[in-house]
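Here is a short report on one protein model.

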Amino acid sequence: MVALRMTFDKTRSAGALASELARLYGADLQRVLAPLGLSPAQFLVLSELWGEDGQTQRALTGRLGVEQATMANTLSRMERDHLVTRRPHPEDRRSQLIFLTDAARALEATAVAAAVAVNQAVLDGLPPAERELFLSMLGRVVSGMRGRDGKPEA
């Protein structure tokens, strides 16, 4: 019996390629957000709050798909940097609502423009039709991966 030798080619691995894309995207996002005093993680939290201000930490954790401890640390830094404030939840004494400060609201246009530019640079090598196909396929793959483990989608 002949044993098959399995090989791994990272240039043909969805996971390895996605990881490399995430690493490169994160580095570019860090580069454009740093002058604004933001990290990519803070930008993602702000993006959620710009869309819907006054969310709980739990809601933000679920929407962004991060661990509670990670979110707690990010929010603590953001509170220290005067980007968010916490207020008691009116219906749940155990929870607090996270709200944007005026300083965070003032960053929205510039930060979003910077992130859009980085996203555009990621897609620049693809013709418009392929961009849409790529994003559609990537979204379906992510959705499928989230659905596999029985956890609700973030």
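Axes are lines fitted to C-alpha atoms, for helices over the stretch in contact, and angles between N-to-C directions run from 0 to 180 degrees. The model is predicted.

**Helix pair.** On that basis, helix H1 (residues 14-33) and helix H5 (residues 102-123) cross at roughly 145 degrees, with axes that come within 10 Å. The crossing of H1 past H5 is right-handed. H1 contributes Leu21, Tyr25, Asp28, Leu29, Val32 and Leu33, which meet Ala111, Ala114, Ala115, Val118, Asn119 and Val122 of H5. By class, that contact has ten nonpolar residues, one polar and one charged.

**Sheet.** Three strands make an open, antiparallel sheet, ordered S1-S3-S2. S1 (55-56) and S2 are the edge strands, each pairing on one side only. Two bridges join S1 to S3 in the antiparallel sense. Thr56 stands opposite Leu97 of S3. Helix H4 (residues 68-80) lies across S2 and S3.

| Elements | Angle |
|---|---|
| H1 and H5 | roughly 145 degrees |
| H4 and S2 | about 110 degrees |

**Loop residue.** Where is His89 placed? His89 is in the loop between strand S2 (84-88) and strand S3 (96-100). Its side chain reaches the backbone nitrogen of Asp92 at 3.2 Å. Beyond its neighbours within four places in sequence, His89 is in contact with Thr56, Ser95, Gln96 and Leu97.

Conventions:
Residues are numbered from 1 along each chain as its sequence is written. This is a predicted model: local features need pLDDT of at least 70, side-chain atom pairs count only at pLDDT 80 or more; totals for chains, interfaces and linings use all residues. Side-chain values use heavy atoms; hydrogens and water are left out. Helices (H or I, at least four residues) and strands (E, at least two) are DSSP runs, numbered from the N terminus. A crossing is left-handed if the near helix is turned anticlockwise from the far one by less than a right angle, and right-handed if clockwise. Contact means heavy atoms within 4.5 Å. Ala, Val, Leu, Ile, Met, Phe, Trp, Tyr, Cys and Pro count as nonpolar, Asp, Glu, Lys and Arg as charged, and the others, Gly among them, as polar. A polar contact is a pair of N or O atoms within 3.5 Å; within protein, one must be able to donate a hydrogen and the other to accept it, and residues adjacent in sequence count only if both atoms are side-chain atoms. Two strands pair if DSSP finds at least two bridges between them.
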